Amino acid sequence: MVRALTDGAIRYEHPLKQYTSFKVGGCADVFAEPSGLFQLQEVLRYGNDSGLNISVLGKGCNILISDNGVRGLVVHLSGKFFNRIEQRNPEVIVGAGGASLPGLICQAARWGLEGLEPLVGVPGSLGGAVAMNAGGKYGTIGSCVTGVTTVGYDGELHHYKRDEINFGYRHSSLSDQIILEVELELKRGNGEAITKRMSDIFQEKSMTQPLNSKSAGCIFKNPEGYSAGALIDKLGLKCMSVGDAVVSGKHANFIINQGSATASQILELIYRIRDEVQKRLGLILDMEIKIW
Ligand SMILES: Cc1cc2nc3c(=O)[nH]c(=O)nc-3n(C[C@H](O)[C@H](O)[C@H](O)COP(=O)(O)OP(=O)(O)OC[C@H]3O[C@@H](n4cnc5c(N)ncnc54)[C@H](O)[C@@H]3O)c2cc1C
């Protein structure tokens, strides 16, 4: 049997809610936290040999996990190897896929590098941010990415240069692989000015978004030419609830777990909102969050 099985990398029927920002969801049939690349490849081989469906979990800030859990193997990139951040040359940072995005943004500012300020207030991992092309009105992470190293679910390593990667609205062409390492090219800037911009953006976000509540950020993508939050607000759906799942009073595109919401309550609320918007405005809202 692969060595990974003998040194604690794999657990069975492992609860996942603690790994998500919604704090809901059931267990993974099989859960793996490999300590490095070799062990990750062993875990993937084990998953493939066992015929398991494989998923990669970052910091769970954009995922709704079913109360019935996730069938197959969930790989979680934690531990030192998957959290590294280094400055490769004066303007280039390299971060591992599991590294904290907020941590990386603060470290870039300390190194006097600008470009990541638009991502202030976005929780999660660097890999998750690149897979989702995270961002907002001031910019997305894709615009700073110059190279990405991935491992396919078959265990093969790949390297992509910027022009080989397709970044779209909350999507990248790398979302079907495991993002191991990301190279970001930033600009040298003035440390004080960078910190000021970060603080301005954070303040603006915290005025309009419930950043300290249990949520997964925006539930729906904005339909072309509209803001999903503004549409939901216009229909008077703020504060609508199913159990402890509530549409935020601060930002109508956020659903909050007020205490002991279940995934099925959150999902029911999502479907109710979507149905109302379709029935009354004739617009179809697509999901931004991933449902597992
Ligand atoms: C309060 C709050 C505010 C938010 N604000 C924003 C915002 O302003 N803009 C925005 O874009 N998002 C926002 N989000 C959503 C979320 O923070 C981002 O989508 C984030 O990039 C998700 O990263 P993660 O590590 O948590 O990914 P996860 O939620 O764990 O995963 C999301 C997707 O990425 C994939 N993935 C994760 N890691 C990897 C990897 N290493 N390789 C390949 N695929 C991977 C997963 O398989 C899944 O499909 C917000 C969320 C919260 C809770």
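Predicted model: local features only at pLDDT ≥ 70, side-chain atom pairs only at ≥ 80, totals over all residues.

Q: Okay, the ligand. How many residues surround the ligand, and which are the closest?
A: There are 32 residues around the ligand, and Val56, Gly58, Pro123, Ser125 and Gly135 are the closest.

Q: Which polar backbone atom lies 2.7 Å from a nitrogen atom of the ligand?
A: That one belongs to Gly135.

Q: Let's move on to packing. Which residues of the largest nonpolar core touch the most other members?
A: Leu101, Val130, Ile141 and Val145, out of 31 residues in that core. At least two core residues each come from α2 (101–110), α3 (126–132), β11 (145–151), β15 (178–185) and α4 (191–208). The largest share, 5 residues, is supplied by α2.

Q: What does Val130 touch, leaving out residues up to four places away in sequence?
A: Val130 touches Ile141, Val145, Val148, Phe167, Ser172, Leu174, Ile179 and Val182. Apart from this core there is another one, of 26 residues, with Leu64, Ala261, Ile270 and Val277 among them.

Q: Back to α2. Which of its residues are buried?
A: Leu101, Leu104, Ile105, Gln107, Ala108 and Ala109. These buried residues pack against β6 (85–89), β7 (92–96), β8, α3, β15 and α4.

Q: What caps the N-terminal end of α2?
A: Ser100 does, with a side-chain oxygen 3.0 Å from the backbone nitrogen of Gly103. After α2 comes Gly112, which has a positive phi near 75°.

Q: Speaking of phi, which residues have a positive phi although they are not glycine?
A: Glu13 is one of them, at about 50°, and Asn133 is another, at about 45°. Most residues other than glycine have a negative phi.

Q: Where do Glu13 and Asn133 sit?
A: Glu13 is in strand β1 (residues 10–15). Asn133 is in the loop between α3 and β9 (135–136).

Q: Is Asn133 buried or exposed?
A: Buried, because its relative accessibility is 4%.

Q: What about Glu117, buried or exposed?
A: Glu117 counts as buried too, at 5% relative accessibility. It lies in the loop between β8 (113–114) and α3. Leaving out residues up to four places away in sequence, Glu117 touches Ile194, Arg197, Met198 and Ile201.

Q: Last stop, the sheet with β18. What's the strand order there?
A: β17-β18-β19, an open sheet of 3 strands with antiparallel pairing. β17 (241–242) and β19 (255–257) are at the edges, each with a single partner strand, so one side of each has no neighbour in the sheet.

Q: How many bridges join β17 to β18?
A: 2 bridges, with β18 covering residues 245–247. In that pair, Ser241 stands opposite Val246.

Technical notes:
Residues numbered from 1 in each chain as written. Heavy atoms only, no water. Pairing = 2+ DSSP bridges. Helix = DSSP H or I, 4+ residues; strand = E, 2+ residues; numbered from the N terminus. Core = buried A, V, L, I, M, F, W, Y, C linked by side-chain atoms within 4.5 Å. Buried < 20%, exposed > 50% of the residue type's maximum accessible area, 1.4 Å probe, protein only. Contact = heavy atoms within 4.5 Å. Near = heavy atom within 4 Å. Polar contact = N/O pair within 3.5 Å; in protein donor to acceptor, adjacent residues only side chain to side chain.
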